[in-house]
Amino acid sequence: MTKRKLGQQGLEVSAIGLGCMVMSEFYGPTDEAESIATIHRAIDLGITLLDTADMYGPFKNELLVGRAIKGRRDRVVIATKFGNVRGPDGSFLRVNGHPEYVRAACDASLQRLGVTTIDLYYQHRVDRTVPIEDTVGAMAELVRAGKVRYLGLSEASPTTIRRAHKTHPITALQTEYSLWSRDPEEEILPACRELGIGFVAYSPLGRGFLSGRFKKFEDLPAGDFRRNHPRFQGENFQKNLDLVSRVEEIAREKGCPPAQFALAWLLAQGQDIVPIPGTKHRKFLEENVGALKVALTPADLDRIEEVAPKGITAGARYPEAGMLTVNG
């Protein structure tokens, strides 16, 4: 497993991380035993970056990750997030970036994870009612208290990133980035590189679409969040399926699955980018890690630029309510 540096504060992680969200919610049925086995297999393969959040479950995912890393804490970098507040029934209540909430959320995450320090602590969504300096100031207090090692932001705008970085060094910015979500290339990625901030790409396989596993809407499990996602609905589904077909064609020529090709493309966008594909199955995990062996030539990259240019994907990244919380 190769390593990559995130930011300029000393954090080094595996070139590919593991998104743990799907192990608890959103993407159909879950199996805790297989999920824990997947985390253990990831660690054995050299994956160090495990990504979770308090809202996943809610709360269940941090508990699961905590159980999985017992006896293995020194082999992993734990990244978790705060800010998306959910009720006991799972309802989304609000985004909260108030300093007192930051402190309380961190203590709760530490307890659920069963650790004394969170390696990378993100603000999950920006609270537009609270100055980012206040939120990051509270996060910086957690660093000084030894409860957190490095700070991150998720789905923040370039202006917010710059203001936050002046308050305390930001190590990583996490945002959706893949062959079908290339928005960060316009302003966010350049801002991160200007400031020396690492980039963590979530949903690097387009929420599974780029893996080629979905050929019709009915392939999505009942109760799956993606059934309500704009890019998986109606005409958008077919248009995006056409895009995947073109990616699959190039992948076949390279002799690799489309998921590996999509991840290899992302890895080729810069040494400061770390994708965190999410999975709850060991077989898909092992396939994803195989992307590290896929070498793309300049000709390959030029060709993918032709078939998957920026803006080709049909549909918004989230339903309308979700889009209101990004780029804060």
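## Buried cysteines

A residue is called buried when its relative accessible area is under 20%. In this predicted model, C106 has a relative accessible area of 0%, so C106 counts as buried. C192 is likewise buried, because its relative accessible area is 1%.

The structure holds 0 disulfides. A disulfide requires two cysteine sulfur atoms within 2.5 Å. For C106, the closest cysteine sulfur belongs to C20 and lies 18 Å away, which is too far for a bond.

## The sheet

Eight strands form an open sheet with parallel pairing, in the order β3-β4-β5-β8-β9-β10-β11-β12. The edges are taken by β3 (residues 18-19) and β12 (residues 273-275); each has a single partner strand, so one side of each is left without a neighbour in the sheet.

Within this sheet, strand β4 (residues 49-51) runs parallel to strand β5 (residues 77-82), and 3 bridges join the two. In one of these pairings, L49 has V77 of β5 as its bridge partner.

Helix α6, which spans residues 188-195, lies across β10 (172-176), β11 (198-202) and β12. The helix runs at about 150° to β11.

Helix α10 covers residues 298-307, and its buried residues are D300, I304 and V307. Viewed down the axis of α10, these buried residues fall within an arc of 65°, so they line one face of the helix. On the other side of α10, the residues P298, A299, D302 and E306 are exposed.

What do the buried residues of α10 pack against? Their partners are α7 (residues 234-254) and α8 (residues 258-267).

## Nonpolar cores

In soluble globular proteins, nonpolar side chains tend to be buried together. The largest nonpolar core here has 83 residues. Those with the most contacts inside this core are L18, I39, L153, I161, L173, F199 and I304. Helix α8 gives the most to the core, with 8 residues. Apart from this core lies another, of 16 residues, among them L49, Y122, V200 and Y202.

The surroundings of L153 can be described in more detail. Leaving aside residues up to four places away in sequence, L153 touches Y122, Q123, I132, V136, T160, I161, A164, I170, A172, L173 and Q174.

Definitions and conventions
Residues numbered from 1 in each chain as written. Predicted model: local features only at pLDDT ≥ 70, side-chain atom pairs only at ≥ 80, totals over all residues. Heavy atoms only, no water. Buried < 20%, exposed > 50% of the residue type's maximum accessible area, 1.4 Å probe, protein only. Pairing = 2+ DSSP bridges. Helix = DSSP H or I, 4+ residues; strand = E, 2+ residues; numbered from the N terminus. Contact = heavy atoms within 4.5 Å. Axes fitted to C-alpha atoms, helices over the stretch in contact; angles between N-to-C directions. Arc of directions from axis to C-beta. Core = buried A, V, L, I, M, F, W, Y, C linked by side-chain atoms within 4.5 Å.
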